[in-house]
Amino acid sequence: MSLAKITSVTGRAVNVPGNDIDTDRIIPARFMKCVTFDGLGEYLFNDVRRQLDGTEKPHPLNEARFKGATILLSGANFGCGSSREHAPQAIAKYGFKAVIAESYAEIFFGNSTTLGLPCASAAREDIARIAAAVEANPQLEVVIDVTNQEVRFGGQKVKATFRESARDALINGRWDAIGELLDGRDAVKVTAAKLPYLVA
Amino acid sequence: MPSAKSLFQKVWDAHTVRTLANGQTQLLIGTHLIHEVTSPQAFGMLRDLGLKVSMPHRTFATVDHIVPTDQLVEPYADPLAQAMMDELRKNCAQFGITFFDRASGKQGIVHIVGPEQGITQPGTTIACGDSHTSTHGAFGAIAFGIGTSQVRDVLATQTMALSALKVRRIEVNGQLRPGVYAKDVILHIIRTLGVNGGTGYAYEYAGSVFDGFTMEQRMTVCNMSIEGGARAGYVNPDETTFAYLQGRPYAPKGAEWDAAVARWKSFASDPDAKYDDVVKIDAVDIAPTVTWGINPGQAIAINENVPHPDTATSVDDKAGIIEALAYMKLPAGEPIKGTKISVAFLGSCTNGRLSDFQEVAKYVKGRKVAAGVKAIAVPGSQIVALQCEKLGLDKILAEAGFEWRAAGCSMCLAMNPDKLVGDQLCASSSNRNFKGRQGSTTGRTILMSPLMVAAAAVTGTVADAREVFSVN
Ligand code: SF4
């Protein structure tokens, strides 16, 4: 299996501010009644974006000027709560290619990386600077440089870090571990043989 | 002498297959639990890749999130729920996986079924596509909640890629006051350390309170480790653990039992093990605790007042308080006690076990749910239901005005017909009070122990169970 080397992501950005944005907020549980992930994008942030009758509430994702954005900006502890992969899947299916937030909940971070969705961590002030620039010009091109761990936008440059294992996985096309895990078949047998509870 | 290690390190080492190119560990997962919500896509990915399930005999399935608790006959009223049920059945049949279907009499919430069947054992690794998998740590297992791609990885290889965790030992010593339960202990811990205080850590729960706890109490605490941001939580295995497991369907038998106990003991943390952090909590400082906000860390003792934005410790804290109070429609700085509720929910993988219903039944016997309050009691598994029914607890609860339901996740989340309506306020024994969690986008949740839910049910308000039921 050869995977794309994700060394950078370039696109327009949209800011969805707030700390502790949990996975129930990202994709409410009732939309998880599905047997495939297709179609989840439509319900991204549904309950903060829409009234019960489907009419739109004020939300950055509903603003025409931010349509087509591929980089999502947010606050601290993004993706906390449930382990549902439906959350990063909804973000990806909506069309986002990367997230820049202050910090992430662990399971969300891992799930996202496995999908090839880079989650960059940046300082709050720096995210605010990107958000301000995007607010002033929604067409602004934002570049997340995964290799050099920085974000470039409108002539400015801020630091954006990745956990080393994630950065390595993204830039070397190893973000989906399945191939490597399958390669370890023989080693798995050796470990399993030492664990009596695994005997059939 | 090998150096002293914690249980986490021992289990991690015993299950390490190798180091991957990115520095992560390929970890063998001894037990894989699956349910209907997070597995269908993983089976789909497996098929796309032309792969088989690597160890079907170490994979166990149940159905919990979508099952209606008031309808046993299929097809279910919700065709989407039925489709998920059918999909799981098909996948288990095709890949030779044991499925605790409703007809088996062993169905229930995955985190109740594993321990109940004796599948959850000390010194093992467990994974499940569900965040509350940390529950199984109560047995001295290292148990991870994982995403669907990882479910696929475990199905295909019985391993997954992980980075090692740090270990924080949380000691709770002394004597809990009457009316203070395991639920209060974990709400207090999360309140103290914060909802992301556990990031990067596994929590080892220890101290005299945990030594004295039953397995069900230990499970309640480990269950909510994830709500404190910890990736896993565990209690070292001891005689209480072994006594619980002995005789269960999947527990070792005969001579194998003794060998297993000896092995399990060897996994317990060494007395001089080193920890990355140690936190000590005095049991007497823990009061019956309730949440007031929209995450499980926004909690106070029942006699405290809801915070006021003016007392916030930071800008973030202030914004958090304002947002939470607006959503919860609670007045700032006022007592939480006396707040009117409209729904009382007893159940979930946190507090849907026999002892939870026993404790409630003991006190609500002869009392009545307040007029206008909808109260439901939902056993966490068919076996819990049967145990309760044998003891007549279902009758006591029904006489008090609780609806006695069939096993499932029910009102813990919005994937089956049990849902809040509008901005109803629910006193809930579950584990998450996120916005919209219980099925209405404006629904409100206050987390508390089962007895506090009962106190709320009979008074129609958030109340101190110690006063309502003269607990002392
Ligand atoms: S009871 Fe609630 S928390 Fe537990 S598994 Fe079910 S939905 Fe998840």
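**Exercise 1.** Which side chain meets R191(B) in a salt bridge?

*Solution.* Start with the ground rules. This is a predicted model, where local features need pLDDT of at least 70, side-chain atom pairs count only at pLDDT 80 or more, and totals for chains, interfaces and linings use all residues. Residues are numbered from 1 along each chain as its sequence is written, chains are lettered from A and ligands numbered from 1 in the order in which they are written, and side-chain values use heavy atoms, leaving out hydrogens and water.

Next, the rule: a salt bridge is a side-chain nitrogen of Lys or Arg within 4 Å of a carboxyl oxygen of Asp or Glu. The partner is E304(B), at 2.8 Å from N to O.

**Exercise 2.** Work out how much area the two domains of chain B bury between them.

*Solution.* Buried area is the accessible area (1.4 Å probe) that two parts lose on being put together, summed over both. For domain 1 and domain 2 of chain B that's about 3500 Å², with 57% on carbon and sulfur atoms. T69(B), K183(B) and R191(B) supply 19% of what domain 1 buries here, more than any other three residues.

**Exercise 3.** Describe how chain A meets chain B.

*Solution.* First, count contacts (heavy atoms within 4.5 Å): 53 residues of chain A touch 69 residues of chain B. Then take the buried area, about 4800 Å². Finally, look for salt bridges: the rule finds five across this interface. K33(A) pairs with D78(B), their closest N and O atoms being 2.5 Å apart.
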